[in-house]
Amino acid sequence: MRFNTRKWVKPEDLNPNSTLFGGRLLAWIDEELALYSIIQLENPRIVTKHMSEINFRSSAKQGDIIEIGIDVVKFGNSSLTLTCNARNMMTQEIIISIASITMVSLGDDGKPQAHGKTKIEYIDDRLKR
């Protein structure tokens with residue numbers, strides 16, 4: 001799993017229990033999934049279609065640094081299926097795991113559009129084109 005994004009837990013990210021609010025973490029994850037999919041599919045019109053069971057396994061507190069990791073599971077015709085973990089860099093514990101997230105590429109009409117991608121592309125791959 002590639003952990004590329006880090007978030008710092010600040011006071012405004014806390015719930016009444018003084019731990020990281022789950023909704024805040026899910027918003028960070030959804031944004032990261034969208035950005036990753038936009039870059040991979042080379043289309044700014046990406047939507048989250050589905051998330052499998054979300055498993056909160058531990059928490060974080062103010063000052064902790066959270067890493068969000070993403071892996072590609074498969075490329076569909078108009079979709080990209082990903083898996084995601086977020087972990088606490090301070091404790092190395094997994095905070096949340098999501099086994100399957102489906103992101104869909106849309107056309108100008110707002111309907112699913114084939115993206116033509118079949119594998120992960122890195123910057124070097126695109127520079128060679």
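This passage describes the overall build of a predicted protein model and then its salt bridges.

The model is predicted, so local features are given only at pLDDT of at least 70 and side-chain atom pairs only at pLDDT 80 or more, while totals for chains, interfaces and linings use all residues. Residues are numbered from 1 along each chain as its sequence is written, and side-chain values use heavy atoms, with hydrogens and water left out.

The protein holds two helices and six strands, where helices (H or I, at least four residues) and strands (E, at least two) are DSSP runs numbered from the N terminus. Read from the N terminus, the order of elements is β-α-β-β-β-β-β-α. The C-alpha trace spans about 45 × 30 × 20 Å along its principal axes. Of the 129 residues, 39% are buried; here buried means under 20% relative accessible area, exposed over 50%, and partly exposed in between, with a 1.4 Å probe and protein chains only. Among contacts (heavy atoms within 4.5 Å) with a separation of 6 or more, 67% are made by residues 24 or more positions apart.

Turning to charged side chains, seven salt bridges are counted, each being a side-chain nitrogen of Lys or Arg within 4 Å of a carboxyl oxygen of Asp or Glu. One of them pairs Glu67 with Arg6, with the closest N and O atoms 3.2 Å apart. Glu67 belongs to strand S4 (residues 65-75) and Arg6 to strand S1 (residues 2-8), so this pair ties together parts that are 61 residues apart in sequence. Glu67 counts as buried, at 4% relative accessibility.

A salt bridge also joins Arg45 and Asp108, whose closest N and O atoms are 3.1 Å apart. This pair links distant parts of the chain, 63 residues apart: Arg45 sits in the loop between helix H1 (22-41) and strand S2 (46-51), and Asp108 in the loop between strand S6 (94-105) and helix H2 (123-127). Arg45 is partly exposed at 35% relative accessibility, whereas Asp108 is exposed, with a relative accessible area of 72%.

Lys117 and Glu121 form a further salt bridge, at 3.5 Å from N to O, and both residues are buried. Salt bridges with shared partners also join Arg6, Glu67 and Arg87 into one network. Glu121 itself is placed in the loop between S6 and H2, and its relative accessibility is 17%.
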